[in-house]
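This briefing covers one protein chain, grouped by topic.

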Amino acid sequence: MGFYDDRVLPHLIEATCGMAALTPLRKQACAPLSGRMIEIGFGSGLNVGVYPPALTEVAAVEPSDVGWSMATDRVATSTVPIERAGLDGQKLPFDDESFDAALTTFTLCTILDASAALAELRRVLRPGGTLAFLEHGRAPDASVRRWQGRLEPIQKRVAGGCHLTRDVRAELADAGFAVGAVDAFYQPGVPKPFGALSLGTAQPA
């Protein structure tokens, strides 16, 4: 990674994705999770404070050394054991069906090959396991989607490859997940092209 992506971007993500207004949404996303969990796009550990007590351990997949370093205090004070256990969500170093749960928050928009990452999560989740997600992406309204298409090239340049137009539910279904109830809404206080959020769960089909 270049200097911007390696050194600057983790702090930008901390500032934008670490807003206090997102904490209740993160807590809601994490609530259904239990047992052994894998989290891809762990970043600086913004979900750590809202992990439910039913989790027993967390395998954190995070490519950025700076992001992981920023998570040090959160990891140290977590009530759930956390281990950095991989660098690439598209190639997970785990056996099939080895996790009870998985989590992605503001990750599928940026990861280079979201389909490959979701295929890997499906592989490592046990039958009946739960993938919880809080993601931004394709807006429900056509007028907003047009603006997303116009703004996405700029967004990708300044936000580490972040896409505005990825359809989270379609990506999950294409990867072989049965998608449960999804809450789709615009984040208050954020321009709609950037704040179209999807919160829900899915299971390996």
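Arg84 and Asp65 form a salt bridge in which the closest N and O atoms are 3.0 Å apart. The pair joins distant parts of the chain, with Arg84 in strand β3 and Asp65 in helix α3 (residues 65–70), 19 residues apart. The model is predicted, and the structure holds 7 salt bridges.

**Salt bridges**

- Which residues are linked with Asp96 in a network of salt bridges? The network consists of Asp96, Glu120 and Arg123.
- A further salt bridge is formed by the side chains of Arg138 and Asp167, at 3.9 Å from N to O.
- This pair also links distant parts of the chain: Arg138 is in the loop between β5 and α6 (142–158), and Asp167 is in the loop between α6 and α7, 29 residues apart.
- Both ends of the Arg138 pair are partly exposed, with relative accessibilities of 41% for Arg138 and 28% for Asp167.
- As a general point, side chains of opposite charge can pair when their charged atoms come close.

**Sheet and packed helices**

- In what order do the 7 strands of the open sheet lie? The order is β3-β2-β1-β4-β5-β7-β6, and the pairing is mixed.
- The edge strands are β3 and β6 (177–186), each of which pairs on one side only.
- From one strand to the next, the twist averages 20°.
- β2 and β3 run parallel and are joined by 4 bridges. Ala59 has Glu83 in β3 as its bridge partner.
- Helix α2 (residues 23–30) packs on the sheet and touches β4, β5, β6 and β7 (196–204). The direction of α2 makes about 165° with that of β5.
- Helix α5 lies across β1, β4, β5, β6 and β7, and runs at about 145° to β5.

**Nonpolar cores**

- The largest nonpolar core has 23 residues, and those with the most contacts inside this core are Ile38, Leu121 and Phe177.
- At least two residues of this core come from each of β1 (35–40), β2 (55–61), β4 (99–105), α5 (114–124), β5 (125–136) and α7 (168–174).
- Which element supplies the largest share of this core? That element is α5, with 5 residues.
- Apart from neighbours within four places in sequence, the contacts of Phe177 are Leu118, Leu121, Arg122, Leu125, Leu131, Leu172, Ala202, Gln203, Pro204 and Ala205.
- There is a second, separate core of 17 residues, which includes Leu33, Val48, Val75 and Ala101.

- Glu97 is not a glycine, yet has a positive phi of about 55°. Glu97 sits in the loop between β3 (82–86) and β4.
- Phe106, also a residue other than glycine, has a positive phi near 50°. Phe106 belongs to the loop between β4 and α5.
- Are these two residues buried or exposed? Glu97 counts as exposed because its relative accessibility is 51%, while Phe106 is buried because its relative accessible area is 14%, with buried meaning under 20%.

**Record annotation**

- The UniProt record, an unreviewed entry, places the feature "domain: Methyltransferase type" at residues 39–133.
- In the model, residues 39–133 are 24% helix and 32% strand. The end C-alpha atoms of residues 39–133 are 10 Å apart.

Conventions. Residues numbered from 1 in each chain as written. Predicted model: local features only at pLDDT ≥ 70, side-chain atom pairs only at ≥ 80, totals over all residues. Heavy atoms only, no water. Core = buried A, V, L, I, M, F, W, Y, C linked by side-chain atoms within 4.5 Å. Buried < 20%, exposed > 50% of the residue type's maximum accessible area, 1.4 Å probe, protein only. Contact = heavy atoms within 4.5 Å. Pairing = 2+ DSSP bridges. Axes fitted to C-alpha atoms, helices over the stretch in contact; angles between N-to-C directions. Salt bridge = Lys/Arg side-chain N within 4 Å of Asp/Glu carboxyl O. UniProt positions renumbered as here; feature names shortened; annotations may be inferred.
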